[in-house]
Amino acid sequence: MEIARHKVVTFHYVLTDEAGERIESSEETGRPAVYLHGRNNLLPGLEAELAGRRAGDELKVTVLPELGYGLRVDDAVRRVPIKHLVQPGKLAVGKTVVVNTTSGYRQAIVTKVGRFNVDVDFNHPLAGKTLVFDVKILDVRDATDEEIAHGHAHGPGGHKHA
Ligand code: ZN
């Protein structure tokens, strides 16, 4: 079965940056990625290359920042009052925090800690990076009606509903 719109795909991947530095691997966690194809559940640059592939295929996909996590935005580094953080806990540089902004809750990485304020970077940690995925496709199946209605995969590795 070929990967196309409304197929549910299970795959293992090793993600490295352009220099070959490993970022993450689904084989290390033992949990392959599962997604519903054609519904914007995957980085666009990766999803496009998986179309037409089958279970058992292995491929290397290079994803430019524009088709990955986007370009880095310099003015995405902001100083915010600590009281605007959701459950800040012990703050340290590099920690991921959730900021209560005027446009809702947003994740950010702490770049500097002050007494009343923190500097946070709203860029995605992988923004601006060219990503290289080594992909091994494990399974391709038809989506259920419910998955198509929800726009995401269910079952092991898929979306879990409370
Ligand atoms: Zn669902």
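What is the geometry of the site of the zinc ion, judged by the angles among its four donor atoms? The site is tetrahedral, with angles of 103 to 121° among those donor atoms, where four donors count as tetrahedral if all angles lie between 85 and 135 degrees. This is a predicted model, in which local features need pLDDT of at least 70 and side-chain atom pairs count only at pLDDT 80 or more, whereas totals for chains, interfaces and linings use all residues. Residues are numbered from 1 along each chain as its sequence is written, and side-chain values use heavy atoms, with hydrogens and water left out.

The zinc ion is held by four histidines, namely H150 through ND1 and H152, H154 and H161 through NE2, at 1.9 to 2.1 Å; a donor here is an N, O or S atom within 2.8 Å of the metal (3.2 Å for Na, K and Ca), and sites may look incomplete because water is not among the atoms. Along the sequence these donor residues follow the spacing H-x1-H-x1-H-x6-H.

We turn next to the aromatic rings. A pair of aromatic rings is described by the distance of the centres and the angle of the planes. Rings of Phe, Tyr and Trp (its six-membered ring) pair if their centres lie within 6.5 Å, and planes under 30 degrees apart count as stacked, over 60 as edge-to-face and the rest as tilted. The structure holds three aromatic pairs. In one of them, F11 and Y13 have ring centres 5.9 Å apart and planes at 50°, so this pair is tilted. F11 also pairs with Y35, edge-to-face, with 5.9 Å from centre to centre and 85° between the planes. Because F11 belongs to strand β1 (residues 7-17) and Y35 to strand β3 (residues 33-36), this pair ties together parts that are 24 residues apart in sequence; strands are DSSP runs (E, at least two residues), numbered from the N terminus. F11 is buried at 2% relative accessibility, and Y35 is buried too, with a relative accessible area of 3%. Ring pairs join F11, Y13, Y35 and F133 into a cluster.

Finally, consider D119, which is found in strand β9 (residues 117-121) and is buried, with a relative accessible area of 12%.

Terms used:
Four donors count as tetrahedral if all angles lie between 85 and 135 degrees; four count as square planar and six as octahedral if opposite donors are over 155 degrees apart and all others between 65 and 115; anything else is irregular. Helices (H or I, at least four residues) and strands (E, at least two) are DSSP runs, numbered from the N terminus. Buried means under 20% relative accessible area, exposed over 50%, partly exposed in between (1.4 Å probe, protein chains only).
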